Amino acid sequence: MNIAVNPYRHVDEMHPWSDREHLLECVAVTPEAPDVMTFTFKPNKPNLWFRYQPGQFVTLEIPAEPEPVMRTYTLSSSPSRPYTVAVTVKAQADSIGTRWMFDNLKPGMALKAFGPLGDFSYARHPGKKYLFVSAGSGITPMMSMTRDMSDRAPDSDITFLNCARSPDDIIFRWELEAKAREMPHLTLGFIVEQVSRGQLWSGLKGRIDKAKIALLAPDFLERTVFCCGPAPFMATVREALEGAGFDMKNYHEEAFQPVKPEPLVVVADHADGEQPTKVKFAMSGKDGLCAPGHTVLQAARAAGVRIGAACESGLCGTCKVMKLSGEVEMDHNGGILDDEIDEGYILACCSRPKGDIEIEA
Amino acid sequence: MDLQTTALRQLKNRREGFSLEQPFYIDQDYFKLDMETIWYRDWLFMGHDCEIPRAGNYFTVQVGDYPVVIVRGKDQVIRAFHNTCRHRGHRVCTQDKGASAKLVCPYHQWTYDLDGSLVFARQMGENFDKADFGLKTAHCESVAGYIFICLANEAPDFAPVRASIEPYMAPHRLSEAKVAHKTTIIEKGNWKLVWENNRECYHCAGNHPELCRTYPEAPTATGVQGAGDDPFIADHWARCEAAGLPSTFKMDPSGQFRTARMPLIQDAESYTMSGKRAVKKPLSADVPISHIGTMLLFHYPTTWNHILGDHAISFRVLPISAEETAVTTTWLVNKDAVEGVDYDLEELTHVWTMTNDQDRSIVEENAFGIRSPAYEPGPYSVDHEGGVMQFVEWYSNFMIERLQGDKARLSAVA
């Protein structure tokens, strides 16, 4: 007699994935545009689902040679479809981590991930109407939010602007056009820098400016704006909005920039203009950066400084280090004594810098 | 004939008032028998509460084959755990002492709470239940500042020990003291030789010039009989008891532990070269009179003690092998006493540092001689070595009872 084991579970019968215990297993690699791939992951254990907010990012530990690197990517997937997560990444010429993924990551392989984290989400900054402005792969958090809204609230009012080098470089173009048919108040606007000969392009050309924003989103002053792309791009958008008298408290931006090959710094997504803090590693003689919301341990890894760690939840105390200067916010689970805190020790895994710090590591 | 039967026969046919046969002092199999029959079954003094004053403070100790960690919990309860990780057995705490929010095995970071429960073990799969793999506990009791553990599954009743020694110890408030100094020496001799040497002062006159400045050699003071008939001692007891300090000689019927408060020589108050107090601050505010002599406590097989007006000294005996024994000496003073201000460490520790070293030398030479094929058990001095006879009697009784018990159990199932 055959007894079929049915792996099917409803989501409410499953448990949330946890970065403390579970790896991400690659299940699909999807080309999106030239040099752009989507990597889709499921948990490496069954009966788990992903809980995050659309627009949040994860940090992947990528086993590149000679040293593993930590890279932060916005999730392009939607938490409304919680069985998998996906990152959509563009390979820059000088990239290490992303290039490794392009060359090596295949279904069946598992990566360690941290997060999801981040504040860049309409879940955190809800508005009546939205203007999403992005350039290049800065489209990914916008896509995550749009996908989420199309499942949860398809009548959401979104004006979705994306800037790309050419029509072929527009990521998710066909999916967005399909969504625009289903979502009555989703308005698309693409701006490209160049169109090849013979290619049909009826959209706008050139670079983004106040006039183009006003043309594509005439009521932009009433919208809550999410902006993501290279720093000069975001500066342009910011200046355009400010010049038009936009209430900047409704403006949210996410630094999206290719990760520099050296030093190995986690360039995380910065919400609300928060800047990374400096972390000085006294014994290693290295300087690193810690993205907002990230821990000292994550900053250490990004800077190539090894700090022993096991539970990564403030319990086992393995990552105890002496803090030489600066302030952190420590959210431990009993893995450190009050006496040790008084002496200046912190647990790197659960301490987030409140400014520049120096630690003995 | 097996070892147990041989040892049992030798003990039952022991010539009373004579030292033991050679293998009891030098043979590794007899040593193992001692460990299994006495050390792994009885209450053992390990150290003082004041050594681990705060939650997360711990110290480790090795009892024969058993590594043990003793730790103060967040609830201030002192517990003893087998210091062997439930994962693959690595020692969880590898330092002599320390302070840690959790007990974390250095091998794979299995993390135990201070109550021994396993709280973190990385990636052990879904069917792994942490509740099944807490640190194994050992029995642990704290009385009047002294921590005792017992490694047996079923520990002997500790209540009689507590009831007997607590009234004598409590006025000295040792749980509130601090460690001024602690040393461990290794004596190359069997643990029973260490005890036999301790239990008499027949040897003092010729060996302990420093100690003999203050400590009486009279067997009534050092031994186990005749103390009450000594008018000097009787006067001392009367004066101390009137001041609320329990003082008379009191020994458990089993002979395993004893308390008594003995006077020092003449005006001596402390074990110093001058006989004067080494520590300006009295050890305890609950002791209203001076010249209280020394409160003597022994508890076989691990500890003898001297508690004075200005400081206290505890001794811990731990066997290492048939012919090696570790002796740890701890000097306790008032927790507010400041070194260099209220006491001079050299002055405080000089007499017993010298005495310990002299005793070490005696024990080692004793062990040397016993190794000779020409050694045969010799007679103890009835006048001076009543304490030694009592110790050997205790040892012999405990061994015989348990070896017979084990034999009886075995024959019942055979």
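1. Helix pair in chain A. In this predicted model, helix H2 (residues 139-152) and helix H3 (residues 173-182) of chain A pack at an angle of about 30°. Their axes are 11 Å apart. Angles under 35 degrees count as roughly parallel, and H2(A) and H3(A) are therefore roughly parallel to each other. The crossing of H2(A) past H3(A) is left-handed.

2. Helix pair in chain B. Here the partners are helix H5 (residues 191-198) and helix H9 (residues 345-370) of chain B. The packing angle is about 125°, and the axes lie 10 Å apart. That angle makes H5(B) oblique to H9(B). H5(B) and H9(B) cross in a right-handed sense.

3. On reading these pairs. Two packed helices are described by the angle between their axes and by the distance between those axes. Both values are quoted above for H2(A) with H3(A) and for H5(B) with H9(B).

4. The largest pocket. Its volume is about 710 Å³. The lining counts 31 residues, and those closest to the pocket centre are Thr60(B), Val61(B), Gln62(B), Asp96(B) and Arg316(B). By type, the lining divides into 12 nonpolar, 10 polar and 9 charged residues.

5. Which elements build the lining? In chain B, helix H3 (28-39) supplies at least two residues, as does each of strands S2 (57-63), S11 (177-187), S16 (312-321) and S17 (324-334). S2(B) gives the most, with 6 residues. Thr60(B), Val61(B) and Gln62(B), among the residues closest to the centre, fall within the 57-63 span of S2(B). Arg316(B), also among the closest, falls within the 312-321 span of S16(B).

6. Domains at the pocket. Domain 1 (43-150) and domain 2 (162-371) of chain B each give at least three residues to the lining of the largest pocket. When inspecting the site, view both domains of chain B together.

7. A cis peptide. Most peptide bonds are trans. The bond joining Tyr300(B) and Pro301(B) is cis, with omega about 5°. Pro301(B) sits in the loop between strand S14 (294-299) and strand S15 (303-307) of chain B.

8. A positive phi. Most residues other than glycine have a negative phi. Asn47(A) is not a glycine, yet its phi is positive, at about 65°. Asn47(A) lies in the loop between strand S3 (36-43) and strand S4 (48-49) of chain A.

Definitions and conventions. Residues numbered from 1 in each chain as written. Chains lettered and ligands numbered in written order. Predicted model: local features only at pLDDT ≥ 70, side-chain atom pairs only at ≥ 80, totals over all residues. Heavy atoms only, no water. 1 Å grid on protein atoms, 1.4 Å probe; cavity = no way out; pocket = protein on both sides within 12 Å on 5 of 7 lines; lining within 4 Å. Points joined across faces, edges and corners; volume = space filled by probe spheres on them. Helix = DSSP H or I, 4+ residues; strand = E, 2+ residues; numbered from the N terminus. Nonpolar A, V, L, I, M, F, W, Y, C, P; charged D, E, K, R; others polar. Domains from an automatic or database assignment. Axes fitted to C-alpha atoms, helices over the stretch in contact; angles between N-to-C directions. Parallel < 35°, antiparallel > 145°, perpendicular 65-115°, else oblique. Left-handed = near helix turned anticlockwise from the far one by under 90°.
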